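Reader: I am new to this structure. Please take one part of it and go through it closely, in short sentences.

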Amino acid sequence: MARVQWQLRNDRPVIQVMLALAPGGQKVTRTVLADTGAGAANDPFEFVLDEIDCLLCGGTPLKTVTLGGAFTGVHPIYAIPIEIPALNFSDNVLVVGVAAPPTGFDGIACFRFLNRFTYGNFGDKNAFGLET
Amino acid sequence: MAKSIAQLNRELGEQVLDEARRQPNAYTGKYVGIANGKVVVVTDDLNDLLKRLKHVEPDPSKTYCVELGRDYSKVYEIWEVV
């Protein structure tokens, strides 16, 4: 069992993930809003990220998806590798690419991704964490 | 004017989805990988799809994927952060 926690950002829960930029594989960290209200367990995506990040990671394109709400319109989906080293997590995930992620964050970790883990504040009201 | 590889891939993806809609139970949950205007892999595992697709065509801009059985007409709501 492993657990990692991150301090809230702007009083909101976040997680940090690592992306591997193509072609060299240089790792970059992205801080994304942890939003259990974003999407559903079986939606065709697990993250919302800047489309530029998806392309820089050499993302494989999938058919587009239509979003409502904050990102109204048709958006591409990419499959890209994402890591959370503290959890020994490394997998390909489906990401919606948008032109402008939410202000103050690099994107959104949606419910389908968070639901892979046990998640919550684990007793620290100033933090959010994931546990395997 | 000649179609781009990306356009050919998207059109083939739509054809594959149309075919799958006629037999929804046969293909639901499978991913279809397309490269350079041809179907090159069908699998139910995303990691397997990407690995095999990359083996055939290393340039992701020349590839395309669809997930069969997925309702692509649905609108997925993401609420605004205020």
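Author: What follows starts with a sheet in chain A, then turns to rings, cysteines and a strand of chain B.

This is a predicted model, in which local features need pLDDT of at least 70 and side-chain atom pairs count only at pLDDT 80 or more, while totals for chains, interfaces and linings use all residues. Residues are numbered from 1 along each chain as its sequence is written, chains are lettered from A and ligands numbered from 1 in the order in which they are written, and side-chain values use heavy atoms, without hydrogens and water.

Three strands of chain A make an open sheet. Their order is S1-S10-S9, with antiparallel pairing. (Strands are DSSP runs of E with at least two residues, numbered from the N terminus; two strands pair if DSSP finds at least two bridges between them.) Strand S1 (3–7) and strand S9 (118–120) of chain A are the edges, and each pairs on one side only. On average, neighbouring strands here are turned by 10 degrees against each other, direction ignored. (Axes are lines fitted to C-alpha atoms, and angles run from 0 to 180 degrees between N-to-C directions.)

S9(A) and strand S10 (residues 127–131) of chain A are joined by three bridges. In one of them, A:Gly120 has A:Gly129 as its partner.

Back to strand S1 of chain A, where A:Gln7 has its place. A:Gln7 counts as exposed, at 53% relative accessibility. (Exposed means over 50% relative accessible area, buried under 20%, partly exposed in between, with a 1.4 Å probe and protein chains only.) A:Asn126 is 119 residues away along the chain, yet its C-alpha atom is 5.9 Å from that of A:Gln7. Beyond neighbours within four places in sequence, A:Gln7 is in contact with A:Val14, A:Asp124, A:Asn126 and A:Ala127. (Contact means heavy atoms within 4.5 Å.)

Now the rings. The structure holds six aromatic pairs over all chains. A:Tyr119 and A:Phe128 form a stacked pair, because their ring centres are 6.4 Å apart and their planes stand at 25 degrees. (Rings of Phe, Tyr and Trp, the last by its six-membered ring, pair if their centres lie within 6.5 Å; planes under 30 degrees apart are stacked, over 60 edge-to-face, the rest tilted.) A:Tyr119 is partly exposed at 31% relative accessibility, whereas A:Phe128 is buried at 9%. Ring pairs also link A:Phe47, A:Phe89, A:Phe113 and A:Phe117 into a cluster.

What about the cysteines? There are zero disulfides over all chains. (A disulfide is a pair of cysteine sulfur atoms within 2.5 Å.) For the sulfur of A:Cys110, the closest cysteine sulfur is in A:Cys54, 12 Å away and too far for a bond. A:Cys110 is buried, at 1% relative accessible area. B:Cys65 is buried too, at 0%.

Last, chain B. All five residues of its strand S1 (residues 31–35) are buried, so the strand is largely enclosed by the rest of the structure. B:Tyr31, B:Gly33 and B:Ala35 point one way from S1(B). B:Val32 and B:Ile34 point the other way. Strand S2 (residues 38–43) of chain B pairs with S1(B) in the antiparallel sense over five bridges. There, B:Ala35 stands opposite B:Lys38. S1(B) and S2(B) form a hairpin with two residues between them. B:Asn36, in the turn, has a positive phi of about 55 degrees. Strand S3 (residues 63–67) of chain B also pairs with S1(B), antiparallel, over five bridges. B:Val32 stands opposite B:Val66 in S3(B).

Key:
Helices (H or I, at least four residues) and strands (E, at least two) are DSSP runs, numbered from the N terminus.
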